[in-house]
2 protein chains.
Amino acid sequence: MRSNLYKTALLENVIPFWSKNSIDKDFGGYFSCLTREGKVYDTDKFVWLQGRQAWMYSYLYNNLAQNEQWLEIAKNGIDFLCKHGMDENGNFYFSLTREGEPLISPYNIFSDCFATMAFGQYAKATGDKQIEELARKTYYNILERRNNPKGKYEKSTGNRALRNFSLPMILSNLVLELESVLPEEEVNRRIDDSVTEVMDIFLQEDGLIYENLNPNGSFSDSFEGRLINPGHGIEAMWFMMDIAERKNDRKLLDKAIQVVLNTLEFGWDKEYGGIFYFLDVKGYPPQQLEWDQKLWWVHLEALVALAKAYSLTGDQKNWDWYKKVHDYAWTRFSDKENGEWFGYLNRQGEPHLTLKGGKWKGCFHVPRAMYQCWKAFQQIESNAPTSK
Amino acid sequence: MRSNLYKTALLENVIPFWSKNSIDKDFGGYFSCLTREGKVYDTDKFVWLQGRQAWMYSYLYNNLAQNEQWLEIAKNGIDFLCKHGMDENGNFYFSLTREGEPLISPYNIFSDCFATMAFGQYAKATGDKQIEELARKTYYNILERRNNPKGKYEKSTGNRALRNFSLPMILSNLVLELESVLPEEEVNRRIDDSVTEVMDIFLQEDGLIYENLNPNGSFSDSFEGRLINPGHGIEAMWFMMDIAERKNDRKLLDKAIQVVLNTLEFGWDKEYGGIFYFLDVKGYPPQQLEWDQKLWWVHLEALVALAKAYSLTGDQKNWDWYKKVHDYAWTRFSDKENGEWFGYLNRQGEPHLTLKGGKWKGCFHVPRAMYQCWKAFQQIESNAPTSK
């Protein structure tokens, strides 16, 4: 049964890999720069990955089993973030030395998003009121900064103001994560706002999610405006499915699933298989030299979206795409020798960086997707116990 | 004769490609975003590429032939830069709209470097005293900013201060470009400083040029400190050869050539051929996802360095490497159908972006290298008229 594939991968492969290799017992926090074998090759600490890992272990503790080792690993990250993560204004640094000295200033808001996600789950796990308060404080600080998230580090002059998809997308998931620590009306308002932003604005008439739009929501014919990030769009759609399920909104659910399928049709590499990392909607050369690479998180988010879609609708189209992405991803990304998944394949589907973690890959997309797919397949199997 | 290959490529292929496709007759300046066929696919203007192209046409006018069309094309860029390139402090923007409205603020110093190079050559071509003064002013502004080139956009906290190779390297070439507009003692002092910085500091004991060092010149065991950019190191070495030739310094010449050979040994892809874009000196995964790509400018700079080295020494090792890089580069980068060179090959050597210009590729490395190789081969052929 497929649910077992994901359960086993999560509990016997992926989580043990991070539990064994990533804990900094001397200075707290986590190492994220791990070789294929799990050896630490650099000790810098990227704050958003610290948040993501602390979130992951807290989440598993809350949702899977009250395993004290998991909570201890979560605490190791939470303590490090509380001690070293913030500047004097409560903004989170981008990176720190192993010891926790700040290296890169708070020049964007994503460190803060993942820190508050971690605080929310950890507070839920432990009942720690101080951490709960910190989660709330950080959340409201994000909202306050959201119209100028880069602050003084913003290099754009404003002559081509663009609204960006990342923050509304993250907020749509973040607010559900923080449900236990935020007032109900704030959660509901933010959910409604996010759905409007994502589905009525960033979802454009061609059925694709755009990364950047003019302030009035129209298409900007510029490098930024033409950019399509299929993984981003697909990930946002399973956040929308979660909201649809919660609100029992079938229309939203169907629309989100349709966007997943549109994005896969658009973003699938017909020659070598796999989903492109970046595309220009007009077919022009994107600025990103890595545009044709196949990234772990893109494929994992697609597996989650498709497994959820199939579990909620039973629609064959979702199943066909699930199978296609599954066959591509599991044979190429999963490292049979050393566990966990490779992060970066070239267009042809071979790993051209064999790291298990670095500046962008940490303990997050792989275990989160394993958990989400496991749960979706449990649902699928209970719907139709003999199939799939 | 090889000199003819380069002469023909420069005068009948590369320069006509840019003269025909890149001139913005309506708003001034140059389009750099050109498809494989030379069609404009985006009209944003990247200031450093404006400077590079205005420099290139001025340089050809000064060094090859007083072709009025070239001077007019140079003027088109110079006028645009003067009118739109600078903020109120004389710092150059990173990018502008087609019409010249600023898009991205002056967050680094490279726009300024290439603007001043252009002003220097253009002033030499025309005797324009205002442009000459602007070249000097911009040059001294660069020197003033060089200890904090990113100004308020610097995201690094200073807890891991690093000295970076780019600026000393560019200055070593820039100062020769500005020779006609700077006082002799400034030129000589800057040349001596640059040679010391490049050859005594950034050239480390293993015979390679490092991109970033600790302030005291020692190795920093960090992502930035471990980074080797073979193309950068090789390009800097032909700047050093030019200085060695000027100073008649055989020791410097031999040392620079040895570094070129070291870098090629280190940076050559033994499996697929070509020179890697980025490598980690310890063999760890670099942060750059594009690390294994083969870039046009890296190979062109290697051709220049090796042709110069061979023309100055007649050493067979230089010739063997020249042949190897030549055979790799000319068969893969040169676009037989539409002229000019491709910019970006994947590791296997196939173009994965077929653009002729974009945010980073403009009218610079290809024509400059064609000119430099042509002149080096003229020298080689006059040394030994029957060979090569």
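This is a predicted model: local features need pLDDT of at least 70, side-chain atom pairs count only at pLDDT 80 or more; totals for chains, interfaces and linings use all residues.
Me: How do you know through which surface the copies meet?
Reply: Of the interface residues of chain B, 100% are also interface residues in chain A, so the copies meet through the same surface.

Me: Why is Tyr93(B) called buried?
Reply: Buried means under 20% relative accessible area, exposed over 50% and partly exposed in between (1.4 Å probe, protein chains only). Tyr93(B) has 12%, so the residue counts as buried. Tyr93(B) is placed in the loop between helix H3 (68-84) and strand E4 (95-96) of chain B; helices (H or I, at least four residues) and strands (E, at least two) are DSSP runs, numbered from the N terminus. Beyond its neighbours within four places in sequence, its contacts (heavy atoms within 4.5 Å) include Val47(B), His84(B), Pro102(B) and Ser111(B).

Me: What makes Lys45(B) buried or exposed?
Reply: Its relative accessibility is 0%, so Lys45(B) is buried. This residue belongs to strand E3 (residues 45-46) of chain B. A polar atom of its side chain lies 2.8 Å from the backbone oxygen of Gly28(B).

Me: Why is the pair of Trp55(B) and Tyr59(B) called tilted?
Reply: Rings of Phe, Tyr and Trp (its six-membered ring) pair if their centres lie within 6.5 Å; planes under 30 degrees apart count as stacked, over 60 as edge-to-face and the rest as tilted. By this rule there are 64 aromatic pairs over all chains. For Trp55(B) and Tyr59(B) the centres are 4.9 Å apart and the planes at 35°, so the pair is tilted. Both residues lie in helix H2 (residues 47-63) of chain B, 4 residues apart, about one turn of the helix.

Me: What is the pair of Trp330(B) and Trp341(B) called?
Reply: The pair is edge-to-face, with 80° between the planes and 5.1 Å centre to centre. Trp330(B) lies in helix H12 (residues 316-332) of chain B and Trp341(B) in the loop between H12 and strand E11 (344-345) of chain B, so the pair ties together parts that are 11 residues apart in sequence. Trp330(B) is buried at 13% relative accessible area, and Trp341(B) is buried at 2%.

Me: How do you know that the charged end of Lys324(A) sits over a ring?
Reply: The rule asks for NZ of Lys or CZ of Arg within 6 Å of the ring centre and within 35 degrees of the ring normal. The charged end of Lys324(A) sits over the ring of Trp321(A), 4.5 Å from its centre. The charged end of Lys45(A) sits over the ring of Phe31(A), 5.4 Å from its centre.

Technical notes: Residues are numbered from 1 along each chain as its sequence is written. Chains are lettered from A and ligands numbered from 1 in the order in which they are written. Side-chain values use heavy atoms; hydrogens and water are left out. A polar contact is a pair of N or O atoms within 3.5 Å; within protein, one must be able to donate a hydrogen and the other to accept it, and residues adjacent in sequence count only if both atoms are side-chain atoms.
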